[in-house]
Amino acid sequence: MGKIVRAISGDYAIRMFAIDSTDMVEEARKIHDTSPVVTAALGRMITAASMMGVMMKGDNDKLTLVIKGDGEIKNITCVANSKGTVKAYPVNPYVDLPIRETDGKLDVSGAIGKNGNLIVMRDFGLKDPYIGQIDLVSGEVAEDLTAYYAYSEQQPSAIALGVLVDKDLSVKSAGGFIIQLMPDATEEQIVKLETNLAKIKSVSHLIDEGHSPEKLVEILLDGMDPLINETIEVKLECDCSRERMEKALISIGIKDLEEILHEDKKAEIQCHFCNKKYDFDENDLTKLIETLKTN
Ligand SMILES: [Zn+2]
């Protein structure tokens, strides 16, 4: 389980989401068997997606966060619901890059690539989803997301996302925060926030030192009488099902299905997000084709 707290400054001028996502990122690392640099990149995406998920209001709202670059990971996709539940998929989980010499950190931007896009899709159950997109700023995720909020949503934000990978390659700590200025934030409050932001070192280290999301709020909204509005338990979980996989099979069309039926007599579909396998035998395939023909 991960934990998100939603907080606001006493004067309602600044809102904040803070998360401890250590368990979620470790779960994703186990599913996808990620290399350390991919664990860090995927972990930052999961951490952001979960917070962006709980910002949505409707029970069935869905958020898809995609980062696509010219690095070896190629693409990371995270899907979150409004409860903050996330599923995540890195196209290439095995990227192996040396530790970055300039700062001794995992080279996330090297693995994602500096040229590419960050895409945010929000599906509120209307005819078309809302889609926003920006060019990558650094490929480090947090900076790209900050730029996305600034340019695509005209929402000034301070965002930090961090993942510490342990010597045994498991996730030591993961977490982050999104702080957003409401339209009536004053210059004085912005300066105070900037002072607080300058005081902290990396967010993953803060969580590793045992700081809870509540403590992150206390540190970053120091001197602003912060109120915690809500504490939400969040997790990494896939929502795939046999019905959904049947729909995917049906979507390839009668002709291809018949070809599979005649040549292989079975089909196996694997979910990209959780690696669960779904088997369809001769009987299942025949039934699916019959369904297609009668509709
Ligand atoms: Zn799945």
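Reply: Let's start with glutamate 26 and arginine 29, which form a salt bridge with their closest N and O atoms 2.9 Å apart. Keep in mind as you look that this is a predicted model. Both residues sit in helix H1, which covers residues 22-32, and they are three residues apart, about one turn of the helix.

Aspartate 33 lies in the loop between H1 and helix H2 (36-54). Check its backbone: phi is near 50 degrees, a positive value in a residue other than glycine. Valine 141 is another one to click on, with a positive phi of about 80 degrees although it is not a glycine. You'll find valine 141 in the loop between strand E7 (130-135) and H4, and it counts as buried at 1% relative accessibility.

Back to charged pairs. The structure holds 17 salt bridges, including the one we started with, between glutamate 26 and arginine 29. Another pairs arginine 122 with glutamate 153, whose closest N and O atoms are 2.8 Å apart. Arginine 122 belongs to strand E6 (residues 116-123), while glutamate 153 is in the loop between helix H4 (142-152) and strand E8 (157-165), so this pair ties together parts 31 residues apart in sequence. The two partners fall into separate accessibility classes: arginine 122 is buried, with a relative accessible area of 10%, whereas glutamate 153 is partly exposed at 25%. Some of the charged residues also join up in a group: Arg44, Arg100, Asp103, Asp107 and Glu140 are linked in a network of salt bridges.

Aspartate 239 and arginine 244 meet through their side chains in a salt bridge, 3.3 Å from N to O. Here both partners are partly exposed: aspartate 239 has a relative accessible area of 38%, and arginine 244 comes in at 40%.

From there, go to the zinc ion. Which protein atoms hold it? Its donors are the SG atoms of Cys238, Cys240, Cys271 and Cys274, lying 2.2 to 2.3 Å from the metal. Along the chain these donors follow the spacing C-x1-C-x30-C-x2-C. Cysteine 240 is in the loop between strand E10 (227-234) and helix H8 (242-250), and cysteine 271 is in the loop between strand E11 (267-270) and strand E12 (277-280), so these two cysteines tie together parts 31 residues apart in sequence. Why call the site tetrahedral? Because the angles subtended by the four donor atoms run from 103 to 116 degrees, inside the 85 to 135 degrees that the label requires. As for how covered the cysteines are, cysteine 240 is buried at 18% relative accessible area, and cysteine 271 is buried too, at 5%.

Now zoom out to the whole chain. It is divided into domain 1 (2-234) and domain 2 (242-294), with 36 Å between their centres, taken over C-alpha atoms. How many residues touch across the two domains? Seven residues of domain 1 are in contact with five of domain 2. The area buried between them is about 550 Å², and carbon and sulfur atoms give 59% of it. On the domain 1 side, Ile31, Lys87 and Tyr89 supply 73% of the area buried against domain 2, more than any other three residues. For all the charged pairs we've been through, the count between the two domains is zero salt bridges.

One last stop is threonine 85, in the loop between strand E4 (75-81) and strand E5 (86-90). This threonine is buried, with a relative accessible area of 14%. If you leave aside its neighbours within four places in sequence, threonine 85 is in contact with Val79, Ala80, Lys235 and Glu237.

Definitions and conventions: Residues are numbered from 1 along each chain as its sequence is written. This is a predicted model: local features need pLDDT of at least 70, side-chain atom pairs count only at pLDDT 80 or more; totals for chains, interfaces and linings use all residues. Side-chain values use heavy atoms; hydrogens and water are left out. Donors are N, O and S atoms within 2.8 Å of the metal (3.2 Å for Na, K and Ca); water is not among the atoms, so sites may look incomplete. Four donors count as tetrahedral if all angles lie between 85 and 135 degrees; four count as square planar and six as octahedral if opposite donors are over 155 degrees apart and all others between 65 and 115; anything else is irregular. Helices (H or I, at least four residues) and strands (E, at least two) are DSSP runs, numbered from the N terminus. Buried means under 20% relative accessible area, exposed over 50%, partly exposed in between (1.4 Å probe, protein chains only). Domain bounds come from an automatic or database domain assignment. Contact means heavy atoms within 4.5 Å. Buried area is the accessible area (1.4 Å probe) that two parts lose on being put together, summed over both. A salt bridge is a side-chain nitrogen of Lys or Arg within 4 Å of a carboxyl oxygen of Asp or Glu.
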